[in-house]
Amino acid sequence: MKRLPICLSACVNVGFARRIVFAAGAAALLAVSAAWAAPASAPIVLTGADRRPATSLDGDWASIVDPYFSGLFSFHHQEKTNGWFLNQKAKPGDTFPIEYDFSKAPALKVPADWNTQRESLFYYEGPIWYERDFTYQPKEHTRTFLHVGAANYRSWFWVNGQKVCEHEGGYTSFNCDVTAAIHAGNNFVVAAVDNTRHEDNVPTLETDWWNYGGLTRSVSLIDVPEEFIDQYDVHLSRGEGSVIEGWVQVEGSQPGAKVEIEIPELGAKATAAVGGDGRAVIYLKATGLERWSPEAPKLYNVILRAGQDAVKEEIGFRTVETRGTEILLNGKPIFLRGISIHAEAPYRTGRANTDKDAETLLGWAKELGCNFVRLAHHPHDETMLRAADRMGLLVWSENPVYWALEFDNPKVLAKAEQQLDEEIGTSRNHASIILWSMANETPNNEARTQFIETLAARARSLDSTRLITAALLVRADGHTKIVDDALGKALDVIGVNEYIGWYEQHPETADSTEWRIDYQKPLIVSEFGGGAKAGLHGGENDRWTEEYQANIYRHQFGMLNRIPQLRGMSPWVLMDFRSPNRPLVGIQDEFNRKGLISDQGQRKQAFFILQKAYKEQTVGKPE
Ligand code: GCU
């Protein structure tokens, strides 16, 4: 916004008198919107926001496609004062043409990507404006936040013409304080969302998934008292059996203020005092606590209170750690029978974001015999994590540091750190999540290693109760796969991606492939697999047939069982998903076809091969 004064002067210089006249009128607005500056304090996270009473803004929003972003930037690419965020209506005698009208604009559904809503937007990458009217009754001593589940990729928000926030990153939630902008009665919110890919984005230009744009997750208004619970971390202590510990971050409180935690089912209750940093450290004895596990995904109602505020959560309590090359869940070695999943909606395709999407995808994983899912390559919707908690599936959650970011660009590091903060801040109380993945298939060089070591250290400082991993590329020497990427030092669990039989040699090559792993740490084969068009049949050496894909799986199991520290696997991938890199007509048709199930729910032969291996536990061992 600081460019605006330049705008004014520039306009004058080029003698656009009429513009100035209007600009003068807009000055008041300039003052208002110029007033907006990114809040200096840490962003509000509102952990468990989906569990708070809220006014949903989901549904139809008016939308205007703006490929040149002329709703926000002038012809000299300066940010406008009279942009479309003002939602102006033309009036007789206007001295300036209003060249947009949300009330006549076609609707786009929220939450949803725009690409699968309108044929003309299928390939669209660029800015689109959203507008929605709503009525509201602000309450005394209350702050109101616009909670956005996710907006891909960059987004700007205004309420009643007043800028309230902007955000970068398409897969994590954020909150905009609209207390000062909102008023009793009729209000309107305008958002500009731009999914244009840029080199210095996170993720960067290349991804093997569709760049679904828009307000892809729910949007709502949340009221909280002036003193409110922003973030909390409630977990089972690794050290002491049935001790629950953690902290509660209270906004707007005085040091010494009381915070209470209660687990009614266990008759457990404790209070703690807020410190100078707004944080209260909690310690609660929970006798008779039943631990959460895939076999018994026990969730407890947990109530947190501070001042007039209260949050009701459902939390499972479990511990996860490593011991040498073992992964211990609740102190016992475990083998992670997994599958990788993209946030592609089954059947309708597009960005997955409903309870139904989550139950279908995770239901298929359970049907496979999984106790683990790798949610690729970015944080998934809260609906997915809540379903994993309920259904008893362990989760690998990933920050979208994917392929070749600008690892030597400090701005890019800051963006990755911000997204990591948002991911962990909002999802830290999910028992299902056991692994924070820092990255996928990044180039093995010094700048990359330093970048991700920094992220890993940050993740540990934010959450010491989970394991840090990443999906590494592996090099080969003849028939030996070698895992010696320097990044392995910074990880608790090593993830490796390999495509023997698809991008490398033949399915049977796995039979003679050995692995040299230079780390005495648990290893997860986070990707392997091959493409198959559901219903296409032929010989086991005929690519794209179900027989070929099944053959890859059969040969993988023998090799995997020869890796002594293999403690998990998440083959690529549960369901076919849209990708702009897959144009093969009649086979891929812009889908990555490595799914074990097609996007229309057809189970391929390899689905049953893996299901059998998981049910009979013939692949992998916990210790
Ligand atoms: C990579 C990558 C995936 C991609 C897959 C594939 O390993 O991590 O995002 O979809 O390979 O090529 O199918």
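Start by selecting tryptophan 572 and the ligand: a polar side-chain atom of tryptophan 572 lies 3.1 Å from an oxygen atom of the ligand. What you have open is a predicted model, in which local features need pLDDT of at least 70 and side-chain atom pairs count only at pLDDT 80 or more, while totals for chains, interfaces and linings use all residues. Residues are numbered from 1 along each chain as its sequence is written, and side-chain values use heavy atoms, with hydrogens and water left out.

**Stop 1: around the ligand**

Taken alone, the ligand exposes 320 Å², and the protein buries 97% of that area (accessible areas come from the Shrake-Rupley method with a 1.4 Å probe; for residues, only the protein chains shown count as cover). Next, select tyrosine 402, where an N or O atom of the side chain is 2.6 Å from an oxygen atom of the ligand. Asparagine 440 also has a side-chain N or O atom for you to find, 2.8 Å from an oxygen atom of the ligand.

Now show the whole shell. Which of the 14 residues around the ligand come nearest? They are Asp208, Tyr402, Glu441, Tyr503 and Glu527 (a residue is near a molecule or strand if one of its heavy atoms lies within 4 Å of it). If you colour the shell by residue type, you will find five nonpolar, four polar and five charged residues (Ala, Val, Leu, Ile, Met, Phe, Trp, Tyr, Cys and Pro count as nonpolar, Asp, Glu, Lys and Arg as charged, and the others, Gly among them, as polar).

**Stop 2: aspartate 208**

Keep aspartate 208 selected. This residue is found in the loop between strand S9 (185–194) and strand S10 (219–225) (helices, H or I with at least four residues, and strands, E with at least two, are DSSP runs numbered from the N terminus). Is aspartate 208 buried or exposed? Aspartate 208 is buried, because its relative accessible area is 5% (buried means under 20% relative accessible area, exposed over 50%, partly exposed in between, with a 1.4 Å probe and protein chains only).

The peptide bond leading from valine 202 to proline 203 is cis, with omega near 0°.

**Stop 3: aromatic rings**

Time for the rings. The structure holds 28 aromatic pairs (rings of Phe, Tyr and Trp, the last by its six-membered ring, pair if their centres lie within 6.5 Å; planes under 30 degrees apart count as stacked, over 60 as edge-to-face and the rest as tilted). Select tryptophan 61 and tyrosine 130, an edge-to-face pair with 6.2 Å from centre to centre and 80° between the planes. Tryptophan 61 lies in strand S2 (residues 59–65) and tyrosine 130 in strand S4 (residues 127–136), so this pair ties together parts that are 69 residues apart in sequence. Tryptophan 61 is buried, with a relative accessible area of 1%, and tyrosine 130 is buried at 0%.

Move on to tyrosine 347 and tryptophan 364, also an edge-to-face pair, at 6.0 Å centre to centre and 65° between the planes. Tyrosine 347 lies in the loop between strand S21 (336–342) and helix H3 (355–368), and tryptophan 364 in helix H3, so the pair ties together parts that are 17 residues apart in sequence. Tyrosine 347 is partly exposed, with a relative accessible area of 43%, whereas tryptophan 364 counts as buried at 5%.

For a group view, select Phe69, Phe73, Trp84, Phe85, Tyr100, Phe102, Trp129, Trp156 and Trp158, which form one aromatic cluster.

**Stop 4: charges over rings**

Select arginine 543 and tryptophan 502: the charged end of arginine 543 sits over the ring of tryptophan 502, 4.5 Å from its centre (a charge sits over a ring if NZ of Lys or CZ of Arg is within 6 Å of the ring centre and within 35 degrees of the ring normal). Then try lysine 298, which lies over the face of tyrosine 300 at 4.8 Å from the ring centre.

**Stop 5: backbone details**

End with tyrosine 153, in the loop between strand S5 (142–148) and strand S6 (154–159). A cis peptide bond joins asparagine 152 and tyrosine 153, with omega about 20°.

Notes: Polar contact = N/O pair within 3.5 Å; in protein donor to acceptor, adjacent residues only side chain to side chain.
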